[in-house]
Amino acid sequence: MRLPGLNSAFVFGLVRPRICLPAGLGPEEERMILAHERAHLRRGDHLTRPLAWALVCAYWFDPLVWLGYCLAMRDMERCCDEAALRGLGPDARQGYARALLALAAGRPAAPWAPAFGQEDVKGRIRQLLRPAHPARWALALAGLGVAAVCAALAFAPARTAAPRPEDLAGRVYQYEKEGFYGDFTLRLEPDGQFWYYEGAASSYIGHGSWTLEGRRLTLRDDAGPDLLNQFEVEGDALVFVEEGSTNFLYLKLADGERFLPLPEGAGGQSLAGLPGLAGQGEDGGGPEEDAAAGQNANSSVPAGPDGEPLTFWINPDEPPEVLGDVAAKTYLAQFTRPEAPDTERLAGYTLRECRTVSGTPPEGQSWEEMPYQYLVQITYDITTASEGYLAPGDGIAGLGSFAGIYRELAVKALEHGGYAIVSAGTGGGQQAFAADPALEEAVHNVLLSLYADPPSPDAPLCESHVTLYWEEVGSDPHAVRVYLMAMVKGSFGETGGPGGRMQPAEWCGPVRLTLINADGQGYTPMEVWPLDALDALEGGEAWQRQLEEMFPPAAIDALQNGSRSPRQLRDALRAACDAMLAGA
């Protein structure tokens, strides 16, 4: 549309825009100006420029808004200049510059309308007449940039190949954040199994199988088919993938959180919580120290997957009963692992009875210095998994189901948290604990009274005993039953009738005592059951039947399968009595 009186060309209108041209333009000038204004229409500048002008009007007081508007309009015109010249051809540059200069004096009727000769005419003409080739310094700078990029690509490491299962097998990873009140630790076994420990406040130790497909690591927990967690292997780290994961039992991870690898051979707290990785040194003792802590000849150190003592964790506020239950299940679960040897592997087990005894340190020893602080006494049934199963101490061999097996688990509290099963035996574990002084005094008086009636200053007596097992048999009134091996020695009994001389003698044998502590101050004997003298052991069957009627299996095991044989116990008790009589 040509309008008389216009001194510049521009686009006018929003819905149906028109190109307005001054009257009297030559054909060549008109062709160049129309090419420029049509570029405005194609870009939609007739819409964006009014919006920009409205923004300037609203924020007229802000110089930064004015600066942004001016720069945007300058770039808008230069872009349309280049678009027009691409259609007109390279020979049109000079003619285009003359047309721009001719229409530069005027202004459009409205400041928001895109106009041919409106913005930065001087800079646009200089841009049009600039040589097409770049300056030498620009070429040099571009060359340096290309060289730098080439060098970076040449020395950049190639993308690592997808990891292999053997690259991850045997590695231990730790959560980059703290777990459930402790380090959250994950170990991938070479046999395709995994163990994870969530922290000290979680009593659960996860176990299951792991698979690797490409870079995706999948953990399937034995606790249930729906408990599945996935990671993406990125370098040395495992990155948690929330989508498709059900998360761990108690602890919840966010998408993208990582497990970082621990150095090979790391020990102590860094491996806390995984079976077979008990703390060493001051935190829990090494295998040699733990093995020495067992109190009977038939004890052994329970071995985890790496041959180290088994460890477990419970909430510190849990009662001893929970400690005993977790210790028992941790101990028995090791025999159900697929990698357990045929001579030990179980198809299943049933825990029938579990009793936890909290020990008292002997005089001169602190709680921390004790070889173990808890004794867990368990009775259980098993089903063996192989014909090669062999447990001579239990009288079991081959494939089948067997009931009434007894074990004592010695449990030590570790400094960094958690507990270690330092030995497993068939009895005698309570001998490492100091007894209640009031209970010991009551037992002492009862044993002396067995053969001193009436006591005489001319008939010195002494006693020595070893407590094999004890149990609480009542709560109101409080009663304790004690099973022990005792010797009473001195001058007792008469020969030659009344007035005869006292006969030096000794008696040694098993004793069962039941004592009541009704007032919380002292113990009163309620039952005293001494068995025939130990020499009757050679007589055999009748004595054994009486022992089985009088003692529970745990006490019998402590007597017959303990750290010393019954005759060794007798010799030790005799030596103790002789020392007491010599010093009397």
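The briefing below takes up a strand and its partners, and then a residue in a helix.

This is a predicted model, in which local features need pLDDT of at least 70 and side-chain atom pairs count only at pLDDT 80 or more, while totals for chains, interfaces and linings use all residues. Residues are numbered from 1 along each chain as its sequence is written, and side-chain values use heavy atoms, with hydrogens and water left out.

**Strand 10 and its burial**

- Helices (H or I, at least four residues) and strands (E, at least two) are DSSP runs, numbered from the N terminus.
- Because five of the five residues of strand 10 (residues 237–241) are buried, this strand is largely enclosed by the rest of the structure; buried means under 20% relative accessible area, exposed over 50%, and partly exposed in between, with a 1.4 Å probe and protein chains only.
- Ala237, Val239 and Val241 are buried on one side of strand 10, and Leu238 and Phe240 are buried on the other.

**Partners of strand 10**

- Two strands pair if DSSP finds at least two bridges between them.
- Strand 9 (residues 228–234) runs antiparallel to strand 10 and is joined to it by five bridges, with Gln230 having Val241 as its bridge partner.
- Two residues lie between the strands in this hairpin, where Gly235 takes a positive phi near 65°.
- Strand 11 (residues 258–261) also pairs with strand 10 in the antiparallel sense, over two bridges, and its Phe259 stands opposite Leu238.

**Lys329**

- Lys329 belongs to helix 9 (residues 320–333) and is partly exposed, with a relative accessible area of 41%.
- The C-alpha atoms of Lys329 and Thr350 are separated by 9.7 Å, the two residues being 21 residues apart along the chain.
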